[in-house]
Amino acid sequence: MIGREAPIQAKIVDYLQTLGWHYKSRQQIASMRAGRMGEALVEPLLVDSLCKLNGISEQAALQVVERLRRVVDSESFLEILRDGISVSFRADEKARRLIVVDWQNPELNTFIVTTEYELRTGALREPRLDVVCLVNGIPLGLVETKAATVSWKKAVGDFQQYWTDAPELERFAAVCVATNGFTFRCAPSGALKASQYAEWKDPWPHTVADETRDLEIGLLGVFNPGHLVDIAANFLVFETRKGATTKKLARYQQFRAANKIVQRVLDGTHNRGIVWHTQGSGKSLTMLFAARKLRNVGLGNPTVLIVIDRVDLDDQINETFSAASFRGVVRAETRSGLHNLLTSDRRGVIITTVEKFDESMHELVTRENVIVFVDEAHRTQEGLFGIRMRAALPKAKLFAFTGTPIETQDRSTRRAFSPEINGIYEEYLDVYSPRQAVEDGATVEVRYEYRGDDWGFDGDELNAAFEAFAELEGLTDSEQERIKADAARLSVVAKAPERVDAIAEDIAAYLRKRTEPQGFKAQLVAIDREACTLYADALIRHGLHPEELAVIYTRDPKGDTKNYRRWYASEQWRRHQAAGVGSPNPVPPSPRQHDISESQAKRKLIEGFKSPSSPVKVLIVCDMLLTGFDAPIEQVMFLDKPLRGAKLLQAVMRTNRPYPGKDRGIVVDYANVFSKLQQAFAEFSPNEIELAVLDLTALRATFPVRIAEALALLAGMPDGLEEYEQMMWLVHRFNEDVDAATVFEERFRLAQSAYEALAPDPLLAGHLADYSRLVRMRALWRHGARLGDEDGYDLDEYRTHTRALVQEAVSLERLRREAPVYRIDGNFVRNLQERGGTPEERIAAVESAIEFEVRERGESDPIARSLAERLERLRRKRQESTQSTLELLNNHLRLADDWATERAGAASHGLSERAHGFVSVARAAAGDELSESQLLDLARRIDAVVTHNASFPGWRDRDDVLRAIRRATINLLLSEPSARKLVSTSFVDDVVAVAVAVGR
């Protein structure tokens, strides 16, 4: 444990004890694991728990442990946690199901937290986990800590190494957490990317006094003992798509909503409720988590129906459950199929569309253990279909899932699904608003940009447009005729040749200059099918290649003319293949070689749109793919149809899915819809659509503000500094104030985000000088602090348009020449002295160089740990102000010089690489209390101990050999009066770690 991480580790352990965890020291746990230090499980704890939970003998429990050791993967083990393990102890005995962890009665389990949990796997860098939460001896929760001055993402790198060096750790663990004491990020065990780690922002059902304390909120939400076992058993899922399996952990809103549903069903007081989770926040998985848990909470093998209102959503939900290998799921393909499933008393999960319920199903299922999840419940549940569904399932519990709840005088999602409590409809059972989703990174914000001043509908025309393209259900015949006439008239206006051509030209320029360079794609929503064909032809005239667009609409084989047929998906696919799209050597096709069905062609075109390697850049639609369509690569929607209400909100949310490098979706409004926001979203209250769609023009106004806020943190930098002096000033500034460094980075990213969204907007020109200065200052700081690679100059971490500015403002070659950073070697101190700078700046430079060395070696490396601990002692002296600045600088320079001397002097002193490692760990442990000659002599003698005990292949994998090295090292230290102070578990552990690691 590196010095600056120790207080964070202690803070976590102390807090976990207040939640009900019992602390055991690393020595106590090590004694329990004697002989099995390479194993993730703690056998004595697991055996004891198995006996208590199941009433079996110790011998029987040992057999179960052996079975668990043979579990081959994490998915199988978590299934055992959820459902138990079937065991027969004798050939003539019937198998019985035993509980490994009792997640329904968590108080019956044993909860132990420990620190510095080693796994002696024989790997190059054996795992030593900072905090481990053992449930019945199983390491279900892992926490890796970093110092407050270090990004939590460094902990992710440690976990990556652990999964490689100790694969069984990933198999038995459920949740891993990366933290620097301020931020809290959690992921399923085995997660390899920082993007898989998410905040846990709600400790539900508990509360905390300070909502800004991320660490405490996360620990309370995830590591509350009952929560951790529940998460392990019920809120991890393995999704297999296109042959690749991904382990996913529920987000906090999914955990909360699913458990609220389960609680309401079990409580029995109310039989319904609404889950309002914004579009793109994972409602399908929330339904899966809730359905899976409902099957295991004592409801007597219930039936869970998932009811949707569109075939594409049917496909989407079914795909989610299939990808998760959810057993017992059946899809009602037809009305008669649904009827048969219900009359046969089918249990498990049934997926169906609401239209399949009819009057013949009246009171078909009268059981009470029927739970219905209605997806997108705002659309069809208040009419005939909703009535028939309720009549067929009169005692069912009804839960609505929606991203767009509707509340008007005529239509009310609450009236249909909320229970009345004290005479008032409950608002929602659970809420996850657009604002929360954006703040969490579950979705990105959506901005709209006006293009309607020149081409949009205005005034009465727009009012008529809203009506014309609204739902016709419930209107009289005369009203429907009038609205259809308005729609026809408006369609003519919208499809005027000069208007379509001008908009197509604008779209083509937008795609080439703004969307395509960033690697994103777009969707164009036209007013009707004819408009789709007109836009397709116009975009080709303005430079798009035919294979770069795909038109998707419903065909009418009997009534469609040749022009409509030309844009059928099957025809487009045939043309693409005939042209050899995606093939380096196209071969002329036979006449019908590329003929496929319309549905197959649509799927292939849509798959192409979703793929970054496909040439398809824009989808052109009028009604299809506006709901239930997920394509994270889509950033822009060109809107030329007067949608409103739920349809509008659902359509624009197609752009809000996260994707690498994408921090917002953009709606380019040609229909002028957003000029009347209040009318467009009349079905929703203002707080319900907060942050759903924001004005892009507001971003233009905030861009200079964001630059100024970031540059304000550099106030005080003297004028006239050379580039090297600026770099040294920045390194000192942010080394001294780590919080300011964090804020600076956040403000830079906000400014970069705005710039990327707006470029190449000419209005940016007036602010380019300030933005270029900000970009340059950040590059100098990261270069001097060695953040990233050795130069701290990683162009990949900048977005597309900003990357060009970085290259223009900061030359890497010039940086290396004018503002060099030095590795710690024999010339380091001399180089630093020659370059000048204040003592404080040179102290900061030494600290950055040492931290880089530590990062390069890896903090699990004992030599790196010794270097970091020596640096930490100097930092404490500086914070305590016990020395003058000049003395502090000299101490820092001496540390750098010592390190360089150690590295260069090993060979000159006749030390092996292993003995050099022993010198480093001994120097860190002894401080100034052993002379150089004593350290060298001690290192040689320890090296001889290792050579004597480990002189044959495979010794690293032998626990008896490692124990012998430990005993001999302790005896050696005790025999030398000057070295006795080094006798400690941590020092001997470091000796063994160096012995094992070096020479592999």
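Reader: Which residue stands opposite Cys-133?
Author: Gly-141 in β6 does. This is a predicted model, where local features need pLDDT of at least 70, side-chain atom pairs count only at pLDDT 80 or more, and totals for chains, interfaces and linings use all residues. Residues are numbered from 1 along each chain as its sequence is written, and side-chain values use heavy atoms, leaving out hydrogens and water.

Reader: In what sense do β5 and β6 pair?
Author: Strand β5 (residues 128–135) and strand β6 (residues 138–145) are antiparallel, over five bridges. Strands are DSSP runs of E, at least two residues, and helices are runs of H or I, at least four, numbered from the N terminus. Two strands pair if DSSP finds at least two bridges between them.

Reader: What is the strand order of the open sheet of six strands?
Author: β1-β4-β5-β6-β7-β8, with mixed pairing. The edge strands, β1 (22–23) and β8 (184–188), each pair on one side only.

Reader: New topic. Why is β14 described as largely enclosed?
Author: Six of the six residues of β14 (residues 348–353) are buried, so the strand is largely enclosed by the rest of the structure. Buried means under 20% relative accessible area, with a 1.4 Å probe and protein chains only.

Reader: Which strands join it?
Author: β12 (residues 303–308) pairs with β14 in the parallel sense over six bridges. β13 (residues 329–331) also runs parallel to β14, joined by three bridges.

Reader: And Pro-642, buried or exposed?
Author: Pro-642 counts as buried, at 1% relative accessibility. Pro-642 lies in the loop between β24 (634–639) and α25 (645–652).

Methods. Buried < 20%, exposed > 50% of the residue type's maximum accessible area, 1.4 Å probe, protein only.
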